[in-house]
Amino acid sequence: MFLSPQNGLTSCLPIFITTATGLLFSLISHWVSKKDLMSIDMLRKVTTCSSAFGFSLCMAGILLAGCDAIINILCFALSLFSLGIAISGVLISGVDMAPRFSGSVMGVASTVAGIGSFLVPVITGLLTTHNTLSEWQTVFWLNLLVLGSSGLVYLIFGSAEVQTWNYPDPQYSTEAENEETRHTDRSLTPHIEMKEKL
């Protein structure tokens, strides 16, 4: 039995929406930071909270919609749009916090976040044993609370500022910075001399 084109389109729609939103807001965030319109820390908090609270509102819309298929699909699509915003927020803040250890930080964060990949289906299965509307509403309430509270936690405790532990040896970091400055000065010297001759 072959899958219909409509089924394939519906299946790829969530990934497409999240990816497109992530690319769009990454470009916007880059532009905002380059124009210095907002600090990196505030930018990450705004995008992360927009993602978390937007997703929570969409889950509330699904809860209020009941069995209305059109509103459910619309709220589901908007929730995925909201998730894509997080790509330019909390998902990149590990690189901001510790450029030297960004691989390790993102690896640990991805491992912790990945735990949900196998917990969510298990919990959903336990909560929807009779497959009733009230059981599914409980699942959506749980989603709303988890995502909404995560945005609140990041707003209060989150940071995109470079952490002190990014420089384990202060003396080494100072020497490395001075060496980098000297290297930059040496690379510019021939161009400066050439301009003076002209």
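Helices (H or I, at least four residues) and strands (E, at least two) are DSSP runs, numbered from the N terminus. The model is predicted: local features need pLDDT of at least 70, side-chain atom pairs count only at pLDDT 80 or more, and totals for chains, interfaces and linings use all residues. Residues are numbered from 1 along each chain as its sequence is written, and side-chain values use heavy atoms, with hydrogens and water left out.

Of the 198 residues of the chain, 26% count as buried. Here buried means under 20% relative accessible area, exposed means over 50%, and partly exposed lies in between (1.4 Å probe, protein chains only). The accessible surface of the chain comes to about 13,600 Å², and 71% of this surface belongs to carbon and sulfur atoms. Accessible areas come from the Shrake-Rupley method with a 1.4 Å probe; for residues, only the protein chains shown count as cover. Among contacts (heavy atoms within 4.5 Å) between residues at least 6 apart in sequence, 71% join residues at least 24 apart.

In the unreviewed UniProt entry, the annotation "transmembrane region" covers residues 13-33, 45-64, 70-92, 104-127 and 139-157. UniProt positions are given in the numbering used here, feature names are shortened, and annotations may be inferred rather than shown by experiment. In the model, residues 13-33 are 100% helix and 0% strand, with end C-alpha atoms 30 Å apart. Residues 45-64 are likewise 100% helix and 0% strand, and their end C-alpha atoms are 28 Å apart.

Helix H2 (residues 40-65) has 26 residues and reaches 37 Å from its first C-alpha to its last, close to the 38 Å expected at 1.5 Å a residue. The expected span is 1.5 Å times one less than the number of residues in the helix. Gly66 follows H2 and has a positive phi, near 65°. Ile71 lies in helix H3 (residues 69-85) and touches Gly61 and Ala65, not counting residues up to four places away in sequence. The C-alpha atoms of Ile71 and Gly61 are separated by 7.7 Å, although the two residues are ten apart along the chain. Ile71 counts as partly exposed because its relative accessibility is 37%.

Side chains of opposite charge can pair when their charged atoms come close. A salt bridge is taken as a side-chain nitrogen of Lys or Arg within 4 Å of a carboxyl oxygen of Asp or Glu, and by this rule the count comes to two. In one, Asp41 meets Lys45 at 4.0 Å, N to O; both residues lie in helix H2, four residues apart, about one turn of the helix. In the other, the side chains of Asp96 and Arg44 meet at 2.6 Å, N to O. This pair links distant parts of the chain, with Asp96 in helix H4 (residues 93-97) and Arg44 in helix H2, 52 residues apart. Asp41 is buried at 15% relative accessibility, as is Lys45 at 14%. Asp96 counts as buried at 16%, and Arg44 is buried at 9%.

Val108, Val112, Ile115, Phe118, Leu119, Ile123, Leu127, Leu142 and Val146 form a nonpolar patch on the surface, with about 750 Å² of accessible area together. The elements giving two or more residues to the patch are helix H5 (102-127) and helix H6 (133-157). H5 gives the most, with seven residues. Patches are made of residues with over 30% relative accessible area and no salt bridge: like charges are joined within 9 Å, and nonpolar side chains (Val, Leu, Ile, Met, Phe, Trp, Tyr) within 5 Å. Leu142 lies in helix H6 and is partly exposed, with a relative accessible area of 37%.
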